Structures are given as structure tokens and as C-alpha cells.
Amino acid sequence: SGTITVDPDGAELIDGAATLALTTTQTAFVVCDGSAWRTVAKSGGSGLTGTNVDSIEVVRKTANNTAVNNSTTLVNDEHLTATIAANEIISFVAMLFYSSGATPEMKFAFTVPAGATLVWSHVANGSALVTVSGTAGNFAGSGVSLGIMLQGTVANGGTSGSLTLQFAQVTANASNTFTLQNSTLTLFRNT
């Protein structure tokens, strides 16, 4: 009573343990890197704790992006970008709403400063990891608005810059492809 237990599937672990126990006044943000679950941030009576999380920043799209039409060239999202300091480590989650037809589909990528180490994936069991800045992952389109969650980590080098979402069509097509208002990019800034 008063405890909620998060229990991953089968032999999966959270922070190296079989379960994560939370009281009714705590919240936790747990992510998977493709092979293991970890607590990025946990809040409770004493505030924010976690894996050296200093702050959480949420960037929200205030409008639909300008549409990509008949192009497979990645473009920067007009809103979903955040500054990264030199030598900073961040974890991020992008909750994306998008619209793309079944033929062009949609691809997403992230860019980071030169010298940064990037790893990201979409939130699904067995998703392939992307480790190169500007390298895209492809996602289905259906002609209706869809949503997807992407997560990752950036260990920045000595050059400050930005983490920026990019998108384009997988197959060039005359229909419009774009990211939608209220998509978010949440950053967990670590020491």
C-alpha cells in the first residue's frame, strides 16, 4: 500500500535492478537505450533526483512546421532545437506529431555539435540505434496525423552548439510532409 512497483518485461532491468519502487508522491521518467532501462529523472518529496540530472527543459512547437514537398533532403525543424554547452551531457526525449502520406513516409534525424557523441532510437523493443549526427531513421506515413517518441543521449565535446531535430520525406512525393504543433523536445541536463 502506498508503493507502485515498475517491473520490466522478463529479465529486463531498470538501473540494474529487477524493479523500481515509487511512493504515491513520486514520479519517474524511465527510458530504454535499446538494451537496458534507466531512470533519467525521479521526483518526490525532496525534489528532482536521478542520474546527476540538474534540470529539465521542454521545447514545444508553437505551430506546424513549413511543409517539405517532393524532397528527401533533411531540413531543420523550425522549433525543436536546444543549445548544448561545451562538455555537457544531456538525455532527451522527442514526442513528435507529424503528417505524411503513405508514399513519401517520414524520416527524422538529429544534428549535434562537431565532436559530440550522439546515440538515439525510437521507443520500441529492438529498435536500431543511430550514432551519427544527421543520419535519419525512417517511419511510416499514412495520410493522417501520427505520433512517435524518439529518445537519446548526447555527450558533447569542447564545442558548444545545438541539438536540432531534422525531417524529410523518405521518397520524394508531391504531398506535404511536416511536424505538427505541440510536438516537444524534452532535455534532461546532466552534470
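Analyst: Helices (H or I, at least four residues) and strands (E, at least two) are DSSP runs, numbered from the N terminus. The model is predicted: local features need pLDDT of at least 70, side-chain atom pairs count only at pLDDT 80 or more, and totals for chains, interfaces and linings use all residues. Residues are numbered from 1 along each chain as its sequence is written, and side-chain values use heavy atoms, with hydrogens and water left out.

User: Where is Asn 87 found, and why is Asn 87 called exposed?

Analyst: Asn 87 lies in the loop between strand S8 (75-84) and strand S9 (89-99). Buried means under 20% relative accessible area, exposed over 50%, and partly exposed in between (1.4 Å probe, protein chains only). Asn 87 has a relative accessible area of 58%, and is therefore exposed.

User: Why is Glu 105 called partly exposed?

Analyst: The relative accessible area of Glu 105 is 28%, so the residue is classed as partly exposed. Glu 105 sits in the loop between S9 and strand S10 (106-111), and its phi, near 55 degrees, is also positive.

User: How do you know that S9 and strand S13 pair?

Analyst: Two strands pair if DSSP finds at least two bridges between them. S9 and S13 (residues 145-155) are joined by 11 bridges and run antiparallel. Ala 94, for example, has Leu 150 in S13 as its bridge partner.
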